[in-house]
Amino acid sequence: MSAGNPADHEQTEPAQALAELRRQLANALAKNGSTKQQLTQRTGLRRTTVSNAFSPNQPAPTDRTVAALAKALRLDDGPLLDLLRTARGDERPHAVSGGTSNVRSMPAPRPDAAGSKPVADERVISELKQAFLALLRHASKIPPDDVSRLDNPSTEIVERQRGAEHAWDQEWQPLVAHARMAALEIRHGPLRRLLADEGLRYLADWNDDLRYAFFRRSRPWVLEQTITYLYESVLALQRGEAIPEPSRCYREVKSSWELRQEELRAVYDEE
């Protein structure tokens with residue numbers, strides 16, 4: 001068998017890319033002096049998800065996992081995601097210029113398998129993609145929560161934060177509404193409900209109903225993780241896969257929203 005056989009190269013290149021991806025993650029972990037348990041806490045990923053990402057005996061991790069690990073390890077996620085796409089056999093990496101690392105690394109939807117019913121028209125998927133990118137960009141600009149960090153904030157600090165949050169929300173709500181309108185055109189019922197009736201609704205109600213999810217966490221991080229999970233769900237169905245299990249962050253966002261609804265209903269019942 002010739003060492004230069006193109007078929008051999010095609011067979012080994014994905015494995016080499018995956019091995020290189022894991023090598024870079026392991027080197028960064030060692031350089032940072034971190035443990036996998038600490039990575040689990042920083043990323044909000046499950047312990048097995050983090051462990052499997054480093055294991056040579058496990059399948060390739062997801063885009064979301066690699067992006068979260070890269071952020072926690074202070075790596076540029078672009079090259080890592082390129083390696084991941086090579087490992088999966090994607091034809092070419094996809095990048096969107098002009099955004100943060102999370103935004104830039106959003107992968108493009110893949111075509112449906114022959115004979116399967118499309119999740120949505122390509123126009124809808126493209127519109128959703130742009131809507132999620134816009135949400136990610138704006139999520140990174142949410143004002144810091146100075147009030148909750150202080151035991152007794154002054155009236156001036158409270159009013160200043162409320163003003164900053166109101167100005168930010170004036171741009172946020174149209175972005176969420178635009179994404180929801182696109183999500184309503186999704187043909188796949190469970191995905192449509194996940195986006196339009198759940199995830200995007202949680203994002204719209206961020207100011208009060210996500211207070212428990214924000215507790216002792218970075219607000220931009222919570223919003224970004226929520227958006228990323230929703231978009232990963234779209235990509236999974238485009239690849240013919242099931243909707244992925246919610247991340248821990250998304251589960252906590254959902255729990256916070258539902259708890260606030262129960263609290264509000266209790267208040268209304270008392271009145």
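The paragraphs below go through selected salt bridges and their surroundings.

This is a predicted model, in which local features need pLDDT of at least 70 and side-chain atom pairs count only at pLDDT 80 or more, while totals for chains, interfaces and linings use all residues. Residues are numbered from 1 along each chain as its sequence is written, and side-chain values use heavy atoms, with hydrogens and water left out.

Side chains of opposite charge can pair when their charged atoms come close. The structure holds 15 salt bridges, a salt bridge being a side-chain nitrogen of Lys or Arg within 4 Å of a carboxyl oxygen of Asp or Glu.

One of them joins R23 to E20, with the closest N and O atoms 2.6 Å apart. Both residues belong to helix 1 (residues 6–32), where R23 and E20 are three residues apart, about one turn of the helix; helices are DSSP runs of H or I with at least four residues, numbered from the N terminus. R23 is partly exposed at a relative accessible area of 43%, and E20 is partly exposed at 25%, where buried means under 20% relative accessible area, exposed over 50% and partly exposed in between, with a 1.4 Å probe and protein chains only.

In helix 9 (residues 155–183), R162 and E159 are likewise three residues apart, about one turn of the helix, and their side chains form a salt bridge at 3.4 Å, N to O. R162 counts as exposed at 53%, whereas E159 is partly exposed at 44%.

A further salt bridge links D208 and R211 at 2.3 Å, N to O. D208 is partly exposed at 27%, as is R211 at 41%. D208 and R211 also belong to a network of salt bridges that includes D209, R260 and E263.

Key: Helices (H or I, at least four residues) and strands (E, at least two) are DSSP runs, numbered from the N terminus.
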